[in-house]
Amino acid sequence: MTPRVDSVSIVSEGRFLVCKQVHYTDARGSARTWEAVDRRRPAGAKSEHSAVFIVAKIVPEDELVLIRQFRPPAGKPMIEFPAGLIDPGETPEATAVRELYEETGFTGKVLSVSGGGYSSPGMTGESIVLAAMEIDGATCPNGMIPPNHQEESENIEVFRVKTAHLAEFIAAMEAAGCGIDSKLHTVLAFRRMGL
């Protein structure tokens, strides 16, 4: 038997999130319930995806743009790729350009946008896309980090990290008490495997 979702009941709704119970039939035909949380979809949302995360590389310096910000659910500062929610009527490409500029001050061009992916499918059905971007190093020479344009509620610190030193940077941030976004650990694992 093919598993299927039979119904969804809302447990609670907040400003940004919806907690729900997913009632489904498993592969053996048994009725089951799963707890999940999803992001509230704004009216007018055109994309089936809710957010974009940005892998931005400064060339020819071979540096990644990473950020550190306090994340209340984790209870600690996190090292992450820049990211943001897709606004109603906005394409993922436009979101990537806007969010990179707002969070880091950098401007770049979008090289590619992935299909939707699920970062924690056991907890949420949220679909996010990866935008690969390139930043011209001539616009930000000598390790410069431009002024950012963060929202009032944000307090984001920006880092330029040589790809060859990514493992050391992440180890130092972990030792300093930061959490590390799992996408960065994935990048490290691929680098170690030569992929």
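Helices (H or I, at least four residues) and strands (E, at least two) are taken here as DSSP runs, numbered from the N terminus. On that basis the chain holds three helices and eleven strands, and along the sequence these elements follow the pattern β-β-β-β-β-β-β-α-β-β-β-α-β-α. The model is a predicted one, in which local features need pLDDT of at least 70 and side-chain atom pairs count only at pLDDT 80 or more, while totals for chains, interfaces and linings use all residues. Residues are numbered from 1 along each chain as its sequence is written, and side-chain values use heavy atoms, with hydrogens and water left out. The C-alpha trace of the chain spans about 60 × 40 × 30 Å along its principal axes.

The loop between strand 4 and strand 5 contains Pro 60, and the peptide bond that leads from Val 59 into Pro 60 is cis, with omega near 5 degrees. Asp 62 is found in the loop between strand 4 and strand 5 as well, and its phi is near 60 degrees, a positive value in a residue other than glycine.

Helix 2 (residues 166-175) packs with helix 3 at an angle of about 140 degrees, their axes lying 10 Å apart; axes are lines fitted to C-alpha atoms, for helices over the stretch in contact, and angles run from 0 to 180 degrees between N-to-C directions. Helix 2 and helix 3 are therefore oblique to each other, given that angles under 35 degrees count as roughly parallel, over 145 as roughly antiparallel, 65 to 115 as roughly perpendicular and the rest as oblique. Contact (heavy atoms within 4.5 Å) is made by Leu 166, Ala 167, Ile 170 and Glu 174 of helix 2 with Leu 184, His 185, Val 187, Leu 188 and Arg 192 of helix 3. These contact residues divide into six nonpolar, one polar and two charged, where Ala, Val, Leu, Ile, Met, Phe, Trp, Tyr, Cys and Pro count as nonpolar, Asp, Glu, Lys and Arg as charged, and the others, Gly among them, as polar.

A pocket is an open set of points on a 1 Å grid over the protein atoms alone, where a 1.4 Å probe fits, with protein on both sides within 12 Å along at least five of seven lines, and its lining residues have an atom within 4 Å of a point. The largest pocket has a volume of about 1,800 Å³, the volume being the space filled by probe spheres set on the points, which are joined across faces, edges and corners. Of the 45 residues that line the largest pocket, Arg 39, Arg 71, Glu 80, Leu 85 and Glu 126 are the closest to its centre. The elements that give two or more residues to this lining include strand 3 (31-39), strand 5 (63-71), helix 1 (92-104) and helix 3 (182-192), and the lining divides into 20 nonpolar, nine polar and 16 charged residues.

The second largest pocket holds about 240 Å³ of space, and among the residues that line it are Phe 53, Leu 64, Lys 183, Val 187 and Phe 190. Helix 3 gives the largest share of this lining, five residues.
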